[in-house]
Amino acid sequence: MMAENVSKFLNSFLISLFCALPVYADNSPSQTLLKNVHVFDGVSAKRIENANVLIEGNIIKNISTDPIDATGATVIDGGGRTLMPGLTDTHVHLAYTSIDQMSMVTGHASYGYVRSTVDAKDMLMRGITSVRDMGATYSALRGLLMKA
C-alpha cells in the first residue's frame, strides 16, 4: 500500500514537472515586426500612417513611425494595409450562413455544424474576431472538440 502511494505521488510529480517545463524553457516571447502599415486604433480620429508595429507574444509593445530595431523578429511587410482591432458581429447564425434551404431541410443535421467551421474561418479572414451566434445549438460540435 505504501509503495502504491509513493508510485502515485511520483507519477503525479513527474506529470506536473513535464507540464511545467515548456513554461520555463523559453522566457522570452517571440517577436513579430509589422512594417509599412497604417494603424487605426478605434480611439483616435485619424490613422497612424506608415507605421511599424512590434508584437511580443500576444502583446503590442510598440507602434512607431520611426524604424523599430527588433533583431531576430519575424518581419511582415503590411504593404500599406490598415491594421485595426478585430470586429465583433453580435447577430450571426453560423450553422445557416451559407447553406441553401433545401440542404437544411433534406441534408444531415451535422452538415450545418461542419459548414459553420468554414463560415467562421471566412469571417475571421474578413476581420471579424468575435461573434454571438443567435439560437444555435453546438452541443454536438462542442462534444467533438472537447474529445480532440
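**Notes on the model**

1. L33 has L54, in β2, as its bridge partner. Two strands are taken as paired if DSSP finds at least two bridges between them. β1 and β2 run antiparallel and are joined by six bridges.

2. On the basis of the values: this is a predicted model, in which local features need pLDDT of at least 70 and side-chain atom pairs count only at pLDDT 80 or more, while totals for chains, interfaces and linings use all residues. Residues are numbered from 1 along each chain as its sequence is written, and side-chain values use heavy atoms, with hydrogens and water left out.

3. How many bridges join β2 to β3? There are five, and these two strands run antiparallel. E56 is paired with I59 of β3. The two strands form a hairpin with two residues between them, and G57 in the turn has a positive phi of about 65°.

4. Most residues other than glycine have a negative phi. N36, in strand β1 (residues 31–39), has a positive phi near 60°. N50, in strand β2 (residues 48–56), also has a positive phi, of about 50°. N36 has a relative accessible area of 32% and is therefore partly exposed, the class between buried (under 20%) and exposed (over 50%), computed with a 1.4 Å probe and protein chains only.

5. Which residues form a nonpolar patch on the surface? They are I48, I60 and I63, with about 240 Å² of accessible area together. Patch members have over 30% relative accessible area and no salt bridge; nonpolar side chains (Val, Leu, Ile, Met, Phe, Trp, Tyr) are joined within 5 Å, and like charges within 9 Å. A salt bridge is a side-chain nitrogen of Lys or Arg within 4 Å of a carboxyl oxygen of Asp or Glu. Areas come from the Shrake-Rupley method with a 1.4 Å probe, and for residues only the protein chains shown count as cover. I60 belongs to strand β3 (residues 59–64) and counts as exposed because its relative accessibility is 52%.

6. Leaving out residues up to four places away in sequence, D119 touches L94, T97 and S98, where contact means heavy atoms within 4.5 Å.

Terms used: Helices (H or I, at least four residues) and strands (E, at least two) are DSSP runs, numbered from the N terminus.
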